[in-house]
Amino acid sequence: MKVVDHLARADRCLFSFEILPPKKGQGVHELFQTVEELLPFSPAFIDVTAHATSIDYREVGGGMLKRVPLQKRPGTHGLCAAIRYRYGVDTVPHLLCSGFSRDETEDALIELGFLGIDTVMALRGDPVHGEKRFLPREDGHSNAHELVAQISAMNRGEYLHDAESAPTDFCIGVAGYPEKHAESPNLEVDLARLKAKVDAGADFLVTQMFFDNAVYFGFVERCRRAGITVPIIPGLKPVTTKAHLVSLPATFNIDLPTDLAEAVEKAPTPAAVRKIGIDWSVEQSRGLIAGGAPCLHYYTMSRAQSIREIVAAVFG
Ligand code: FAD
């Protein structure tokens, strides 16, 4: 069932989570264990991230370098199908502009349709290692709204080279940034670009992580004022180490509230840090449910333990 149908039929706030495909060369067993630890809480859907291929240059002797394409975490589509049919839970593959031509995107969508996948997250992807700014593939999309437009066209039966083809039927999710995307000049422009994704056919948003619920509720209000009416699913992740005080703001362009940052800073042990982060996330989750969030989406980084504790307290 599509994500929007799950949301429409729900009589309570739903639970969903995101996992990463294993690193190339690692088996899938541990990831299945992560999924199994969270299954008792009845996730409405599980997202599987996608990873762009980066280019590495390796010495081959004689001062020569060889260009090596590195796909560190392949298998997004296969994993989505495996989880869907193994556990009977809907899965949502992330689909990137990064590294894909329009033709490859079309083929990937056809494959996903055959696999019974009916919802995709349409994302641009970050600049790959070694690039200062995002560079699309030749004949690839520069921004997520172009990818959304291609999927919407396929949903109308308009393929790239054949005007009359069987329409696909994808529900489309896109990313929203309550504290703005790092490359957007300001909140207003960020919102206008978000609206362009929705106008191109996006059916729902999933937000970047945030740690202050006022940030989410303010974002929802700004979206509604701008005419963005689709469901807005908050994305959540707990702080579990002191290193997160630096890495999360730096990587995701987000703020950590002073109360949380100070408590983590002063915590005497790693276990105390973890407890502070989990308690914060539980309170955040309860506040979001009380405020009417349609679904809580947790970024697991493929590790279930902290998320399981949070979800047990909130949904158990
Ligand atoms: P866009 O919506 O295309 O926006 C990217 C930037 O381009 C923004 O700054 C925007 O303002 C700007 N922009 C948009 N349109 C225009 C225009 N017409 N002209 C000029 N500038 C424009 N990354 C992965 O690699 N794999 C994943 O699986 C993944 N999953 C994610 C899931 C969620 C819920 C979120 C929030 C992020 C995820 N990301 C993932 C990260 C995401 O790929 C990056 O944040 C990326 O930098 C932006 O992606 P986007 O889809 O938001 O891009």
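F114 lies in helix α4 (residues 102–114) of this predicted model, where helices (H or I, at least four residues) and strands (E, at least two) are DSSP runs numbered from the N terminus. Because its relative accessibility is 73%, F114 counts as exposed; the classes are buried at under 20% relative accessible area, exposed at over 50%, and partly exposed in between, with a 1.4 Å probe and protein chains only. F114 and P22 are 92 residues apart along the chain, and their C-alpha atoms are separated by 23 Å.

Residues are numbered from 1 along each chain as its sequence is written. The model is predicted, and local features need pLDDT of at least 70, side-chain atom pairs count only at pLDDT 80 or more, and totals for chains, interfaces and linings use all residues, while side-chain values use heavy atoms, with hydrogens and water left out.

The protein chain contains 11 helices and 10 strands. Its radius of gyration is 20 Å, close to the 20 Å that the globule rule gives for 316 residues, so the chain is as compact as a globular protein of that length. The radius is taken over C-alpha atoms, and the globule rule is 2.2 Å times the number of residues to the power 0.38. Taken along the principal axes, the C-alpha atoms fill a box of roughly 60 × 55 × 45 Å. Of the 316 residues, 47% count as buried. Contact means heavy atoms within 4.5 Å; among contacts in the protein chain with a separation of 6 or more, 72% are between residues 24 or more positions apart.

The protein chain exposes about 15300 Å², of which carbon and sulfur atoms supply 52%; accessible areas come from the Shrake-Rupley method with a 1.4 Å probe, and for residues only the protein chains shown count as cover. The chain carries 33 positive and 40 negative charges, whose mean positions are 5 Å apart. Lys and Arg count as positive and Asp and Glu as negative, whereas His and the chain ends are not counted. The place of a charge is taken as NZ of Lys, CZ of Arg, CG of Asp or CD of Glu.

Strand β7 (residues 171–176) has six of its six residues buried, so it is largely enclosed by the rest of the structure. Both of its faces are covered, with C171, G173 and A175 buried on one side and I172, V174 and G176 buried on the other. Strand β6 (residues 119–123) runs parallel to β7 and is joined to it by three bridges; two strands pair if DSSP finds at least two bridges between them. C171 in β7 is the bridge partner of T119.

An antiparallel arrangement is found for β3 (residues 54–61) and β4 (residues 64–70), which are joined by seven bridges. I55 stands opposite P69 in β4. The hairpin of β3 and β4 has two residues between the strands, and G62 takes a positive phi near 65° there.

Most residues other than glycine have a negative phi. S42, which is not a glycine, has a positive phi of about 50°. S42 lies in the loop between α2 (29–38) and β2 (45–48), and with 46% relative accessibility it counts as partly exposed. S302, also not a glycine, has a positive phi of about 65°. The loop that holds S302 lies between β10 (295–299) and α11 (305–315).

L296 is placed in strand β10. Its relative accessibility is 0%, and L296 therefore counts as buried. Leaving aside neighbours within four places in sequence, L296 is in contact with C13, L14, F15, S16, P234, L236, S285, L288, I289, V314 and F315. The C-alpha atoms of L296 and Y177, which are 119 residues apart along the chain, are separated by 16 Å.

S281 is placed in helix α10 (residues 270–290). With 1% relative accessibility, S281 counts as buried. Its contacts, leaving aside neighbours within four places in sequence, are P238, Y298 and I310.

E265 is placed in helix α9 (residues 258–266). With neighbours within four places in sequence left aside, E265 is in contact with K242 and L245. E265 and L112 are 153 residues apart along the chain, and their C-alpha atoms are separated by 45 Å.
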